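Here's a quick briefing to read with the model open beside you. Have a look at the sequence and structure first.

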Amino acid sequence: MKKYLPLIIFTVLLAVPFIGFSTYIMHILILVLMWSVIGMAWNILGGYTGQVSFGHAAFFGVGAYTAGILYQHLGISAWWGLPASIVVLTALSLVIGYICLRLRGAYFALATLALGEICRVTAENLVDFTRGNLGILIKERTWVDKTWYFYIILFIAAVTYSIIKIVMESKLGYYFVAIREDQDAAESLGIDTTFYKTISLCLSGILTGTAGAFYMNYMGYIDPGVVFPLYDISIVTVMVVMVGGAATYGGPVIGAVIMVFLAEVIRSLPHIGAAHQTIFGIILIFIIMFLPNGIAGDYLKLFKIFRKHNRASS
Amino acid sequence: MNLIEVKNVSKRFGGLAALSEVTFELKQKEILGLIGPNGAGKTTMFNVINGFYPPSSGEVHLRGRKISNRKPHQVCKLGVARTFQVVRPLQRMSVLDNVIASAFMRAATKAQAEEVALEVLKFSNLHDDRETISKGLPLGKRKRLEIARALATLPEIILLDESFAGLNPTEINEQIEIVNKIRSERGITILIIEHHMKVIMSISDRIVVLNYGRKIAEGIPSEIGRSPTVIEAYLGEEHRA
Ligand SMILES: Nc1ncnc2c1ncn2[C@@H]1O[C@H](COP(=O)(O)OP(=O)(O)OP(=O)(O)O)[C@@H](O)[C@H]1O
Ligand SMILES: [Mg+2]
């Protein structure tokens, strides 16, 4: 049963556009799928390979800008950004990998943090290229209806999921986890840790960039503050995975559902404004303390808490 | 034939000379013991041979090729595997997955890696524990897992760092048998660090003794056991302790 769950979910999702949900619900579902892709992508590097990044906005934003700039400067469809972002993100990941992957642990995390910020500042200042804070606007949207956007991001999510599944059951996956568990031991067992960390980073970066390119097409507008923010992209990405469960197949999807849902609920509460970051922060602390393996990793613990609670109340 | 030649190797950490001008050879199919009091530089010697540290001066050669500027994973590919004194299993992986991960270095497919891993686990009496998450293994078995992992890379030479430390007498006997089998059945050359005198005396063909980073003696076990310099080095340690 558990084996077929992803396939069942996929099939159900295929049927979703026929249900006739409101545009708003379709929008939420699209966001959930997009965050699932970003979360799954982060999970390759942070969850499985153990290289925690606080700079995934860099990949997301560069993917988005790849699509946006193709449209802006070459006048071609921003959808070309999807294949183009693969090339651009591979190059970017190689550069970032070369600079950051020699660092370990907290130093790597700090370097990636800086990286996201560098990208934002660069995008703000390369006005000729990125239009700076004016942002890039796609004037003629591909579809008014959400259906095709939904199918496209569903397709990207399904491909991402499958790639991760295949990778994690192959030599690459074993090497990623070995590096996470003990880099020196891995190295002495014949694993070229620098090389495999770079592969992990490339995979993670490419998939995150694809989500970014999709975002450009879907939202029709980007500016540096929207696609490169430390908090709303980089940190939320980490939260999606931590809440759902790092190094699990389903964790990022569960995390995406919860985080998108929470963001909507909090946004609808009156007078709360910027306090949503505080609320997210509190949730993160709670998760780290009580469910360090996320919901997918610690769901048995959750059951236990509920059962105890039931017994106490009965 | 000399498989490994350590030539005038020195290793300094800041002002501390962990190794000074150490020279010795490891001959094909032999079991060479490396002994010395705590802090003598034994583990540092392994770290230099296996590529974790570049020597401050001197060279290490494998079959006549210089390896002392290579990275650990390259040295491993050339056929030199090692274990760690402080065991370092891939904690959240099962015993089998630990060994599969290292078998992948030579295996072309996962099936092949698994086949090698299962064979190695049987060889090192860990087959029944293959599904256990390695974090939960008792020390004796973790020490064997270190060996199993190293064997799964199909090495020509294995460096064993205190594979007997912390074991009870039964486990020690089991371990001795495994180490002997590594040579007799698999034809692997062994360089072994050990504090346990009885074990090292019985198992080694030759012994190299380090003290304060210097080689102070080399010879067959009976000679080493009688050597005044060696006895003094160890007595000195006892006095300090
Ligand atoms: N990375 C390092 N940085 C600084 N000093 C080190 C380092 N590694 C080892 N040393 C020092 O080098 C000396 C030799 O250490 P080493 O671990 O090689 O000894 P050993 O012979 O293996 O001892 P033991 O029997 O206790 O394992 C010690 O004084 C140790 O403190
Ligand atoms: Mg030591």
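Predicted model: local features only at pLDDT ≥ 70, side-chain atom pairs only at ≥ 80, totals over all residues.

What follows covers the ligand site, the contact between the chains and the salt bridges.

Residues are numbered from 1 along each chain as its sequence is written, chains are lettered from A and ligands numbered from 1 in written order, and side-chain values use heavy atoms, with hydrogens and water left out.

**Around ligand 1**

- The shell around ligand 1 has 14 residues, where a residue counts if one of its heavy atoms lies within 4 Å.
- B:Lys42, B:Thr43, B:Thr44, B:Gln85 and B:His195 are the closest of them.
- By type, the shell splits into five nonpolar, seven polar and two charged residues (Ala, Val, Leu, Ile, Met, Phe, Trp, Tyr, Cys and Pro count as nonpolar, Asp, Glu, Lys and Arg as charged, and the others, Gly among them, as polar).
- Backbone N or O atoms sit 2.9 Å from a ligand 1 oxygen at B:Gly41 and 3.1 Å from a ligand 1 oxygen at B:Ala40.
- Taken alone, ligand 1 exposes 630 Å², and the protein buries 64% of that (Shrake-Rupley accessible areas, 1.4 Å probe).
- In chain B, β2 (16–27) and α1 (42–49) are the elements giving two or more residues to this shell; helices are DSSP runs of H or I with at least four residues, strands are E runs of at least two, and both are numbered from the N terminus.
- α1(B) gives the largest share of the shell, three residues.

**Where chain A meets chain B**

- Chain A puts 18 residues into the contact and chain B 23, with contact meaning heavy atoms within 4.5 Å.
- Together the two chains bury about 1,900 Å², 60% of it on carbon and sulfur atoms; this is the accessible area (1.4 Å probe) lost on putting the parts together, summed over both.
- Three salt bridges link chain A and chain B, each needing a side-chain nitrogen of Lys or Arg within 4 Å of a carboxyl oxygen of Asp or Glu.
- One salt bridge joins the side chains of B:Arg88 and A:Asp182, at 2.7 Å from N to O.
- On the chain A side of this contact, α8 (171–181) and α9 (183–188) each supply at least two residues.
- α8(A) brings the largest share of that side, seven residues.

**Salt bridges overall**

- Over all chains, the structure holds 18 salt bridges.
- A:Glu124 pairs with A:Arg120 in a salt bridge, with their closest N and O atoms 3.1 Å apart.
- Both A:Glu124 and A:Arg120 belong to helix α5 (residues 105–125) of chain A, four residues or about one turn apart.

Conventions: Polar contact = N/O pair within 3.5 Å; in protein donor to acceptor, adjacent residues only side chain to side chain.
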